[in-house]
Amino acid sequence: MTAYTMFDTPLGWCALAWNDRGLVAVELPGGDRAGTEAHLRGRIADPVPTEPGAPVADAVRRIVGLLGGERDDLRDIPVDPTGIPEFHRRAYEFTRTVPPGETTTYGEVARAIGAPGSAQAVGQAMGANPYPVVVPCHRVLGAGGKVGGFSAGAGAATKLRMLGIEGAAPGGQPSLFD
């Protein structure tokens with residue numbers, strides 16, 4: 001069974017889906033609560049709304065805190081990598097080491113996981129990230145600090161807002177939301 005819960009954050013309504021192995025999906029806000037929930041239901045087969053137990057409730061609390069400006073790397077929140085391609089897993093594992101307030105590039109991730117020259121594949125892995133914010137793909141930028149795309153929430157605007165909250169806006173500049 002895959003359970004899920006909805007919760008409000010400083011960016012809007014988010015959702016977490018989990019099973020007995022860990023998180024299977026994080027849904028960032030892309031509109032109102034109903035829209036976020038509908039998007040999650042489109043990604044996960046037959047999720048069941050459930051009141052979270054202590055580990056998931058703690059993850060919710062920590063995500064709300066991070067999106068509100070608290071420093072937390074969320075590295076210890078378990079995720080279920082079932083069905084995730086090996087290359088993506090390696091990229092996600094490295095990305096989880098990038099602390100709040102810092103960024104890296106697709107090329108740097110590629111080199112770090114032993115696949116130099118595969119920056120585009122890293123970008124595709126980040127675009128397929130089922131656990132945005134827990135696997136902080138928003139901290140991965142294009143060459144020269146270009147924002148690039150962002151498949152979660154409201155796209156690049158959400159990425160910029162999250163980086164601004166963390167004090168890591170590209171080029172050291174505050175985002176439009178600061």
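Which element gives the largest share of the lining of the largest pocket? In this predicted model, that share comes from helix H2, which contributes five residues. The volume of the pocket is about 220 Å³, and its lining consists of 14 residues. Strand E2 (12-19), strand E3 (22-27) and helix H2 (54-67) are the elements that each give two or more residues to this lining. Nearest the centre of the pocket lie Pro55, Val56, Ala59, Ile77 and Pro78. By residue class, the lining comprises seven nonpolar, three polar and four charged residues.

Backbone geometry was examined next. Most residues other than glycine have a negative phi. Asp46 has a positive phi, near 50°, and is not a glycine. Asp46 is placed in the loop that runs between helix H1 (33-43) and strand E4 (48-49). Its relative accessibility is 68%, so Asp46 counts as exposed, the cut-off for that class being over 50%.

A positive phi is also found at Val133, where the angle is about 85° although the residue is not a glycine. Val133 belongs to the loop between helix H5 (119-127) and strand E6 (140-141). Val133 counts as buried because its relative accessibility is 0%, and buried means under 20%. Thus Asp46 is an exposed loop residue with positive phi, whereas Val133 is a buried loop residue with positive phi.

Note on methods. Residues are numbered from 1 along each chain as its sequence is written. This is a predicted model: local features need pLDDT of at least 70, side-chain atom pairs count only at pLDDT 80 or more; totals for chains, interfaces and linings use all residues. Side-chain values use heavy atoms; hydrogens and water are left out. On a 1 Å grid over the protein atoms alone, a cavity is a set of points where a 1.4 Å probe fits but cannot get out, and a pocket is an open set with protein on both sides within 12 Å along at least five of seven lines; lining residues have an atom within 4 Å of a point. Grid points are joined across faces, edges and corners, and a volume is the space filled by probe spheres set on the points. Helices (H or I, at least four residues) and strands (E, at least two) are DSSP runs, numbered from the N terminus. Ala, Val, Leu, Ile, Met, Phe, Trp, Tyr, Cys and Pro count as nonpolar, Asp, Glu, Lys and Arg as charged, and the others, Gly among them, as polar. Buried means under 20% relative accessible area, exposed over 50%, partly exposed in between (1.4 Å probe, protein chains only).
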